[in-house]
Amino acid sequence: MWYFKPGEYRSFSNMGGMRFMIDRNFQGRSYECMGDCGDFSSYMSRCHSCRVESGCWMMYDRPNYMGNQYFFRRGDYADYMSMFGMNDCIRSCRMIPMYKGSYRMRIYERENFMGQMYEMMDDCDSTMDRYRMSHCQSCHVMDGHWLFYEQPHYRGKMWYFKPGEYRSFSNMGGMRFMSMRRIMYSWY
């Protein structure tokens, strides 16, 4: 982790990572991040803009990867709080590993892999339109990394899922997921 003076910029695109700035429009002191960071508070009191040099990242509005999640990919975010409608600034971040293989998961209408099951290998903009399922309550991600959204057409709050079994979404703040999208290699 490196610190830079206000206005100072060094390219680190060959290293991969991102830079957080205290003020909007890339102003003020900055903090460079090359991987997961569970708590920014010891580095910055606030963060209002960021530049993603490479990779895909999940940002969290609370320390220790808690709270609302926001997906960022390569690009400049001069005022991300307005862009995403955030009430608080980023407090932790997690780098999403690059993945080039096939995508596969199973979604279930009830907790603990119960009820109707559907296997997915591509994006789904509405579980209701495609499967007549108002929302899913558990899933098993076999391959790839996915973003789930609380509303159809990839809108509303989102949640990141990596390969694994997710028996119940009730411990995720009562989220009801209605659309899903793959995190594609081309996004990196």
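Author: The chain has two helices and 13 strands. Helices (H or I, at least four residues) and strands (E, at least two) are DSSP runs, numbered from the N terminus. The model is predicted, so local features need pLDDT of at least 70 and side-chain atom pairs count only at pLDDT 80 or more, while totals for chains, interfaces and linings use all residues. Residues are numbered from 1 along each chain as its sequence is written, and side-chain values use heavy atoms, with hydrogens and water left out.

Reader: How do you know that strand E7 and strand E9 pair?

Author: Two strands pair if DSSP finds at least two bridges between them. E7 (residues 104–110) and E9 (residues 138–143) have five bridges, in the antiparallel sense, and therefore meet that definition. Met105 stands opposite Val141 in E9. Val141 also stands opposite Gly164 in E12, and E12 (residues 164–166) runs antiparallel to E9 with three bridges.

Reader: What makes E8 and E12 edge strands?

Author: The open sheet has four strands in the order E8-E7-E9-E12, with antiparallel pairing. Strand E8 (114–120) and E12 each have a single partner strand, so one side of each is left without a neighbour in the sheet. From one strand to the next, the twist averages 15°; axes are lines fitted to C-alpha atoms (for helices over the stretch in contact), and angles run from 0 to 180 degrees between N-to-C directions.

Reader: Which strand is joined to E10 by five bridges?

Author: Strand E11 (residues 155–161) is joined to E10 (residues 146–151), and the two run antiparallel. The bridge partner of Trp146 in E11 is Phe161. Three residues lie between the strands of this hairpin, where His153 takes a positive phi near 65°.

Reader: Why is the pair of Tyr99 and Tyr103 called edge-to-face?

Author: Rings of Phe, Tyr and Trp (its six-membered ring) pair if their centres lie within 6.5 Å; planes under 30 degrees apart count as stacked, over 60 as edge-to-face and the rest as tilted. The centres of Tyr99 and Tyr103 are 5.3 Å apart and their planes stand at 80°, so the pair is edge-to-face. Phe161 and Tyr166 also form an edge-to-face pair, with 4.6 Å centre to centre and 85° between the planes. The whole structure holds 19 aromatic pairs.

Reader: Why does Tyr103 count as buried?

Author: Buried means under 20% relative accessible area, exposed over 50%, and partly exposed in between (1.4 Å probe, protein chains only). Tyr103 has 7% relative accessibility and therefore counts as buried. Phe161 and Tyr166 are both buried. Of the 188 residues of the chain, 46% count as buried.

Reader: What makes the charged end of Arg94 sit over the ring of Tyr65?

Author: A charge sits over a ring if NZ of Lys or CZ of Arg is within 6 Å of the ring centre and within 35 degrees of the ring normal. The charged end of Arg94 is placed over the ring of Tyr65, 3.8 Å from its centre. The charged end of Arg51 sits over the ring of Phe26, 4.3 Å from the ring centre.
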